[in-house]
Amino acid sequence: MDSADYIEVALRLANADLTDVETVRAALHDEPWWADRLRDSDLPLLREISEGLRRALAAMMASAGPAQDETVLTEINALLAAHPPRPRLSGHGGHDGVPNWHVHVAGPDAPAVDEVAAAAAWGLAQGVVAHGTARWGLCEAEGCSTYYLDTSTNQAKRFCSPRCANRMHVAAFRARKRA
């Protein structure tokens, strides 16, 4: 995995429905090596991590300034301290005798929840390093509370997905048509 993948893990966990392990597995579908090993007993820790991620993301969307920066720093550093990445180089999964070099954030025998926690904390930290705090957003669609990272050129993203954008644009069109 690279930093962009870890950023996605952080966002998926922050946005996940954590009511049961099956919904968490669905949210982490791109990482079956973690998702398939998660257990019901992991849910309290996953909820705690998700809350920390959401606090940091909310702070990034608060008014800019030293207080906001300090909150982002505090929240992400707390996640990193509680769930420190333990990087290790791996080369499994390659083809034709060429290793697929990548970094894992936990040891090979670490419980899945520990690796998810470290990946999410590391991903959010790397996201701030790579993109700053101004490119993170909360979907503006009615009824949606999904966080996203805006990597668009013009930094004009307002919705988490085309589905939410289309839903809101259709609703606005219908409202204008009625008026």
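Glu31 is buried, its relative accessible area being 4%; buried denotes under 20% relative accessible area, exposed over 50%, and partly exposed the range in between, computed with a 1.4 Å probe on protein chains only. The model is a predicted one, in which local features need pLDDT of at least 70 and side-chain atom pairs count only at pLDDT 80 or more, whereas totals for chains, interfaces and linings use all residues. Residues are numbered from 1 along each chain as its sequence is written, and side-chain values use heavy atoms, with hydrogens and water left out.

The side chain of Glu31 meets that of Arg12 in a salt bridge, with 2.4 Å from N to O. A salt bridge here is a side-chain nitrogen of Lys or Arg within 4 Å of a carboxyl oxygen of Asp or Glu. This pair links distant parts of the chain, 19 residues apart: Arg12 belongs to helix α1, and Glu31 to the loop between α2 (21-27) and α3 (32-35). Helices (H or I, at least four residues) and strands (E, at least two) are DSSP runs numbered from the N terminus. Arg12 also counts as buried, at 16% relative accessibility.

The structure holds five salt bridges. Another of them joins Arg55 and Glu75, whose closest N and O atoms are 3.0 Å apart. Arg55 lies in helix α4 and Glu75 in helix α5 (residues 66-82), 20 residues apart. Arg55 is partly exposed at 45%, while Glu75 is buried at 16%. A further salt bridge pairs Arg158 with Glu140, again with closest N and O atoms 3.0 Å apart. Arg158 sits in the loop between β4 (147-149) and α7 (162-178), and Glu140 in the loop between β3 (136-138) and β4. Both partners are partly exposed, Arg158 at 41% and Glu140 at 47%. Salt bridges with shared partners join Arg12, Asp30 and Glu31 into one network.

The chain is divided into domain 1 (3-133) and domain 2 (135-178), with bounds taken from an automatic or database domain assignment. Their C-alpha centres lie 24 Å apart. In contact (heavy atoms within 4.5 Å) are 14 residues of domain 1 and ten of domain 2. Between the two domains there are zero salt bridges. On the side of domain 1 that touches domain 2, α1 (3-15), α4 (43-61) and α6 (112-131) each supply at least two residues. The largest share of that side, five residues, comes from α4.
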